[in-house]
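The sequence and the model are shown first.

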Amino acid sequence: MNIQIHNLQIVQSEINRLSKRIDNIDNVKTGISQIIKNRAIQSFNKETSPLNNKKWIPSKRVLMYGGKTLDRTGYLKNNLIVSNKGLTVKAPYGKYLQSGTNKMVARPFLPITKIGSLTPEIESKIKQYIVNY
């Protein structure tokens with residue numbers, strides 16, 4: 001699943017500033033991906049949207065049998081792959097859960113809005129990470 005993130009001028013300018021200071025910018029990019037993954041894991045653990053911190057609507061399976069929404073097998077949660085190229089969601093159905101469909105309500109787990117922007121919370125964490133790097 002590839003999700004495009006827009007409006008990253010602040011983050012990009014900080015990365016450009018850092019690239020002049022350090023030899024390997026890939027470590028910074030990996031750290032940024034890890035910040036996004038950590039927020040996604042928090043969403044799974046608390047069953048909340050990173051966009052508004054509201055609880056997800058429980059899935060039919062959870063209502064019938066118990067357990068956690070978006071965590072039947074753990075595949076989605078356990079296959080968020082961090083690299084210097086970004087965060088990869090290995091589960092092909094991740095985009096449908098993030099955005100919803102005409103038959104299924106969205107249960108966002110990534111801190112990325114419908115228009116591809118990071119949430120203010122994550123933008124702030126990334127900026128702080130870059131400044132402190």
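## Basis and overall fold

A residue is called buried when its relative accessible area is under 20%, exposed when that area is over 50%, and partly exposed in between. By this criterion, buried residues make up 38% of the 133 residues in the chain. The model discussed here is predicted.

The chain has six helices and two strands. Read from the N terminus, these elements follow the order α-α-α-α-β-β-α-α. The C-alpha trace spans about 55 × 25 × 20 Å along its principal axes.

## Helix H2

Helix H2 covers residues 26-46, 21 residues in total. From its first C-alpha to its last, H2 reaches 30 Å, which is close to the 30 Å expected at 1.5 Å a residue.

Which residues of H2 are buried? They are Val28, Gly31, Ile32, Ser33, Ile35, Ile36, Arg39, Ala40, Ser43 and Phe44. An α-helix has 3.6 residues a turn, so residues three or four places apart point the same way. The buried set of H2 includes a charged residue, Arg39, and the salt bridges described below involve this side chain.

How many salt bridges does the structure hold? There are two. Arginine 39 forms one of them with glutamate 121, with the closest N and O atoms 3.2 Å apart. This pair links distant parts of the chain, since arginine 39 belongs to helix H2 and glutamate 121 to helix H6 (residues 120-132), 82 residues apart. From C-alpha to C-alpha, glutamate 121 and arginine 39 are 9.6 Å apart in space. The two partners can also be described by their accessibility: arginine 39 is buried, with a relative accessible area of 2%, whereas glutamate 121 counts as partly exposed at 29%.

Glutamate 121 also forms a salt bridge with lysine 125, where the closest N and O atoms are 3.6 Å apart. Glutamate 121 and lysine 125 are separated by about one helical turn, because they lie four residues apart in helix H6. Lysine 125 is partly exposed, with a relative accessible area of 42%.

Tyrosine 129 is placed in helix H6 and is partly exposed, with a relative accessible area of 24%. Tyrosine 129 and isoleucine 35 are 94 residues apart in sequence, yet their C-alpha atoms are 8.9 Å apart in space. Isoleucine 35 is one of the buried residues of H2.

## The strand pair

Strand E1 (residues 80-83) and strand E2 (residues 86-89) pair in the antiparallel sense over four bridges. A hairpin of two residues joins E1 to E2.

Which residue of E2 is the bridge partner of leucine 80? The partner is valine 89. Serine 83, in turn, stands opposite glycine 86 in E2. In a regular strand the side chains alternate between the two faces of the sheet.

## The second largest pocket

The second largest pocket contains about 320 Å³ of space. Its lining consists of 17 residues, and those nearest its centre are Leu70, Asp71, Arg72, Tyr93 and Leu97.

Three helices each supply at least two residues of this lining: helix H3 (60-65), helix H4 (75-78) and helix H5 (94-99). Which of the helices gives the most to the lining? H4 does, with three residues. By class, the lining has seven nonpolar, four polar and six charged residues.

## Summary

Elsewhere in the chain, E1 and E2 form an antiparallel pair, and helices H3, H4 and H5 each contribute to the lining of the second largest pocket.

How values were computed. Residues are numbered from 1 along each chain as its sequence is written. This is a predicted model: local features need pLDDT of at least 70, side-chain atom pairs count only at pLDDT 80 or more; totals for chains, interfaces and linings use all residues. Side-chain values use heavy atoms; hydrogens and water are left out. The expected span of a helix is 1.5 Å times one less than its number of residues. Buried means under 20% relative accessible area, exposed over 50%, partly exposed in between (1.4 Å probe, protein chains only). On a 1 Å grid over the protein atoms alone, a cavity is a set of points where a 1.4 Å probe fits but cannot get out, and a pocket is an open set with protein on both sides within 12 Å along at least five of seven lines; lining residues have an atom within 4 Å of a point. Grid points are joined across faces, edges and corners, and a volume is the space filled by probe spheres set on the points. Two strands pair if DSSP finds at least two bridges between them. A salt bridge is a side-chain nitrogen of Lys or Arg within 4 Å of a carboxyl oxygen of Asp or Glu.
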